[in-house]
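Biologist: Could you take me closely through one part of this model, the sheet, and tell me what lies across it?

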Amino acid sequence: MTNTQVTHVQIDNYGPWTVTPEPRREVDLQTLQSRLYADLSQLVGNRGGYVFFSRFDNMIAVTNGLDEDDHALIQESVANRYPVTMSLSVATGTTPAEALGTATEALQEAGSAQDKSRREILRGRTIDQEFRTDEDVQIAHFDVNDATGKYTDELNEFDTFIQIEQGYAELMRYMRRAYDSLSFFVGGDNVIAVCSEMDPAEYQDAVDHVREAVDVELKVGVGRGELAQEAGMAAKHALEECRATGEDVHVDWAADEPDPAA
């Protein structure tokens, strides 16, 4: 059983700030968002976690291994570098979607995203070290088959982007609906999914669904670990096995180990 720790990151009062005292230049807002994401990616990544940009003013992080003090230090670092603050809500669950739902509810209870009086909320609970295991996080790294040959070298960049986004959007919807898992576009033709307890047949089902629904062919490597980055690196190595063998799905755990979903 997975035990995912998810942190909902939300910039405080961001909408009103972007138009106060008058509308700010979009190029400046885009620069702030991208820099904040990059800093958060490093701050959380240095502690073994992953951050996904979502809508940029809201971000989703997998933070297994980070405690409350780690979250508070990250908040402080952002407040020292940026003209905006951010609130964090942490929760755990047997599925990533369950954990995110709990975290979001706690943040909403603390006040609206556009509430001027809500600043640097830090809520929730983290997984104590004694309860962590090397199977807590399951990460899947999806990749489009021959994206360069089919799209990048054949279509203009915008049409290529449409094709990749169609595959991502369908995968995102299906993984959420069928498996309570959260999928994120991470650039190029890559999608990283934070998953519930899924077995190889269920990953094959997701790959088959996307191919049948939007005619985008995927392969996926899957890893697990105590921390998101451990699971993610295992997934990347498993994806290399897919590239080498031509298989659609490869899981990192050895054939002589029991399947964690069995």
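Predicted model: local features only at pLDDT ≥ 70, side-chain atom pairs only at ≥ 80, totals over all residues.

Modeller: Residues are numbered from 1 along each chain as its sequence is written, and side-chain values use heavy atoms, with hydrogens and water left out. Strand 7 and strand 8 (residues 190-195) run antiparallel and are joined by four bridges, where strands are DSSP runs of E with at least two residues and helices are runs of H or I with at least four, numbered from the N terminus. These strands belong to an open sheet of five strands in the order 7-8-6-9-10, with mixed pairing (two strands pair if DSSP finds at least two bridges between them). At its edges are strand 7 (182-185) and strand 10 (249-251), each of which pairs on one side only. On average, neighbouring strands of this sheet are turned by 20 degrees against each other, direction ignored.

As for what lies across the sheet, helix 7 lies across strand 6 (137-144), strand 8, strand 9 (218-225) and strand 10, and runs at about 150 degrees to strand 9 (axes are lines fitted to C-alpha atoms, for helices over the stretch in contact, with angles from 0 to 180 degrees between N-to-C directions; contact means heavy atoms within 4.5 Å). Helix 8 (residues 228-245) lies across strand 6, strand 9 and strand 10, and its direction makes an angle of about 145 degrees with strand 9.
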